[in-house]
Amino acid sequence: MRYFIGNWKMFGVPKSINILKKINSFYSKDIKRSNYRIIITPPYTLIGNYSNYFKKKKILIGSQNCYHKDLFSSNTGAISPFMLKKSGATYTLIGHSDNRGEGDTDTLLKDKVKFSLRNNLKIVFCIGESKKQKKNKQTQTVLKKQLFKVLEKKFNSNNIIVAYEPIWSIGTGELPTTEELNKTIKFIKKILKGIFRKKIPPVLYGGSVDGNSVKLYRDIKEIDGFLIGGASKSSKKFIDIIRNYYR
Ligand code: PEP
């Protein structure tokens, strides 16, 4: 199974659902659709509305983040995994570098993972090194720490996806070489094997993926899909990625 996940970030109003309708219409007719799954994470404001519309349709709706407590609480502005699940979200991103940059520590991320899984909200756990860490050849050390600090054997790996997103590649057009990426994804899978033993979560790549860059990576068998930011806000660009992936 391959995954194409669109992260809308701070984008979208109710009528942006038209973008998803076009993606869904392509997906419903695609003869290769049993090979892959589409998940879109709009902002919180649209999750209930979009999930309701796509309830019986093919594409899944997720969240970009969640609060680190599970039910209701007195934290102003917070949205819990329980509330997201009840609003129709199937997945939530956790640990996106935007949120790590705004103070999400490993301890906090672990609570987000724990409470999401407890509420049957599947997770897409994002990891990735900074440009400086890459330059200092710390990529593997950083990724290993990010994985070990948060993921645990007791978590059900069927409900987890890992997304490798080098921070220096997000929104920049800068891409890892195929050799670099192949090596890093294999390394991540080795670490995941150490944690989960038999059934390891799928590992995606994210960072400046579009209809062109996906061609570089489509032959890397170890990559189980893509997390797509900028290009997921256009139905044409998003569909191009899938078309070019399958040729
Ligand atoms: C992201 O924000 O998760 C992302 C991958 O963005 P982009 O595709 O725009 O680099």
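Which polar backbone atom is 2.6 Å from an oxygen atom of the ligand? Select glycine 171: one of its polar backbone atoms lies at that distance from a ligand oxygen. Such a polar contact is a pair of N or O atoms within 3.5 Å.

The model is predicted, so local features need pLDDT of at least 70 and side-chain atom pairs 80 or more, while totals for chains, interfaces and linings use all residues. Residues are numbered from 1 along each chain as its sequence is written, and side-chain values use heavy atoms, without hydrogens and water.

Next, select glycine 229, where a polar backbone atom is 2.8 Å from a ligand oxygen. Then take glycine 230, with a backbone N or O atom 2.9 Å from an oxygen of the ligand. The protein buries 95% of the 290 Å² that the ligand exposes when taken alone (Shrake-Rupley areas, 1.4 Å probe).

Now show the shell of 13 residues around the ligand, in which Lys9, Glu165, Gly171, Ser208 and Gly229 come nearest (a heavy atom within 4 Å counts as near). The shell holds three nonpolar, eight polar and two charged residues, with Gly counted as polar and Asp, Glu, Lys and Arg as charged.

Move on to the helices (DSSP runs of H or I, at least four residues). Select 106-118 (α5) and 139-150 (α7): their axes, 8 Å apart, meet at an angle of about 50°, on a scale from 0 to 180 degrees between N-to-C directions.

Finally, select 17-29 (α1) and 235-246 (α10), packed at about 25° with axes 9 Å apart. That makes α1 roughly parallel to α10.

Note on methods: A polar contact is a pair of N or O atoms within 3.5 Å; within protein, one must be able to donate a hydrogen and the other to accept it, and residues adjacent in sequence count only if both atoms are side-chain atoms. Helices (H or I, at least four residues) and strands (E, at least two) are DSSP runs, numbered from the N terminus. Angles under 35 degrees count as roughly parallel, over 145 as roughly antiparallel, 65 to 115 as roughly perpendicular and the rest as oblique.
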